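The following note sets out comments on the fold, for reading beside the model.

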Amino acid sequence: MKQRDMTRDHLAVARTLSEALPYLQRFNDAVVVVKFGGNAMGDDDTMESFARDIVLLRQVGVNPVVVHGGGPMINDLLDKLGIKSDFIDGKRVTDAATVEVVEMVLSGLVNKRIVQAINAQGGKAVGLSGKDASLMVCEPADPKFGFVGEPVEVNPAVINNLFEDDMIPVIAPVGVGRQGETFNVNGDTAAGAIAAALKADRLLLLTNVAGVKNAEGQLVTELKAAEVEEMTRAGVISGGMIPKTETAIQAVRGGVRACTIVDGRVPNAVLLELFTEHGAGSMIRA
């Protein structure tokens, strides 16, 4: 590379850092909850990049919380163990045998992989599930689905204590019932409930699409909750985007300043969303 090209690249980096200053100041000491989906975890490069971004957030004064999924890994282990699942309306019934596998995969394999990745980048991550310190108390979402839980009480004291010790919480979406039952919780739902309990400044839902699109197929970068509800009624928002936007609405009405549905396939998507003017997805406010 020519010296002139190298100088141009270095100047671009310096300019980017300078332009990020107001955003760095804006998010200093802010709580940012990031939902990291299971589909992204199979790629080592994606995992490493995500972990580096999370460590950078903590380094510049943000308090990040990672809530993760792990559906593909759960499916793999169920297949290996020969545990067959029943489905109702396209949703898996989580029986007693299945919820044991769910807990093993989410609280064990997946959680510790993310913790290890963050620690490898110089962070101090601690793995938890919703069962630790009764962080996420649940009731059955619908009895016909078995041990699928809906958070009814979130106790964020343990997370705040970790913030004070400069730790990064990594939370598996496994909840506890009133009678000590184990519940499988949708990762987006868990992230929204935890963000609301923390009164987070931002909830980022990383997914595999660009964000919310209008009737013409164009990305909408900012919406109000009422607009999202109208687009859903009109059928513009449909399919897998509905539960994500419902989570976003519940979160912002529960005290989260804003929720952004972000394309997690974009390199450094978290940093683009928080520290640049352009952003990287669809922001929903109350």
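1. Arginine 202. The model is predicted. In it, arginine 202 counts as buried because its relative accessibility is 5%, and the cut-off for that class is under 20%. The residue lies in strand β11. Its contacts, leaving aside residues up to four places away in sequence, are Arg26, Phe27, Val31, Val32, Val33, Val256, Ala258, Cys259, Thr260, Glu273, Leu274 and Met283. One of these, valine 32, has arginine 202 as its bridge partner in β11.

2. The strand that carries arginine 202.

3. Neighbours of β11. Strand β1 (residues 31-36) runs parallel to β11 and is joined to it by 4 bridges. Strand β13 (residues 258-263) also runs parallel to β11, with 6 bridges between the two. As a general point, strands of a sheet pair through backbone hydrogen bonds, either parallel or antiparallel.

4. The sheet of 8 strands. These strands belong to an open sheet with the order β5-β8-β2-β1-β11-β13-β14-β12 and mixed pairing. The edges are formed by β5 (125-129) and β12 (222-224), each of which pairs on one side only. Neighbouring strands in this sheet are turned by 20 degrees against each other on average, direction ignored. Elsewhere in the order, strand β2 (residues 63-68) and strand β8 (residues 168-172) run parallel and are joined by 2 bridges. Valine 67 has isoleucine 171 as its bridge partner in β8.

5. Which strands does helix α2 lie across? Helix α2 (residues 44-59) lies across β1, β2, β8 and β11, and runs at about 150 degrees to β2. Helix α7 (residues 225-233) lies across β12 and β14 (281-285), at about 90 degrees to β12.

6. The sheet of 4 strands. A further open sheet has the order β7-β6-β9-β10, again with mixed pairing. β7 and β10 (182-184) stand at its edges with a single partner strand each, so one side of each has no neighbour in the sheet. The twist from one strand to the next averages 50 degrees.

7. Pairing around β6. Strand β6 (residues 136-140) pairs with strand β7 (residues 149-154) in the antiparallel sense over 5 bridges. Strand β9 (residues 174-177) runs parallel to β6 and is joined to it by 2 bridges. Cysteine 138 takes part in both pairings: its bridge partner in β7 is proline 151, and its bridge partner in β9 is glycine 177. Proline 140 has glycine 149 as its bridge partner in β7.

8. Valine 152. Phenylalanine 163 is 11 residues from valine 152 in sequence, and their C-alpha atoms are 23 Å apart in space.

9. Helix α4 (residues 96-120) lies across β9 and β10 and runs at about 75 degrees to β10. Helix α6 (residues 187-198) lies across β6 and β7, running at about 10 degrees to β7.

10. The packing of α3 against α4. Two packed helices are described by the angle between their axes and the distance between the axes. For helix α3 (residues 71-81) and α4, the axes come within 9 Å and cross at roughly 130 degrees. α3 is therefore oblique to α4, and the crossing is right-handed. On the α3 side the contact is made by Met73, Ile74, Leu77, Leu78 and Leu81, and on the α4 side by Thr98, Val101, Val102, Met104, Val105, Leu106 and Val110. By class, this contact of α3 with α4 has 11 nonpolar residues, 1 polar residue and no charged residues.

Methods
Residues are numbered from 1 along each chain as its sequence is written. This is a predicted model: local features need pLDDT of at least 70, side-chain atom pairs count only at pLDDT 80 or more; totals for chains, interfaces and linings use all residues. Side-chain values use heavy atoms; hydrogens and water are left out. Two strands pair if DSSP finds at least two bridges between them. Axes are lines fitted to C-alpha atoms, for helices over the stretch in contact, and angles run from 0 to 180 degrees between N-to-C directions. Contact means heavy atoms within 4.5 Å. Buried means under 20% relative accessible area, exposed over 50%, partly exposed in between (1.4 Å probe, protein chains only). Angles under 35 degrees count as roughly parallel, over 145 as roughly antiparallel, 65 to 115 as roughly perpendicular and the rest as oblique. A crossing is left-handed if the near helix is turned anticlockwise from the far one by less than a right angle, and right-handed if clockwise. Ala, Val, Leu, Ile, Met, Phe, Trp, Tyr, Cys and Pro count as nonpolar, Asp, Glu, Lys and Arg as charged, and the others, Gly among them, as polar.
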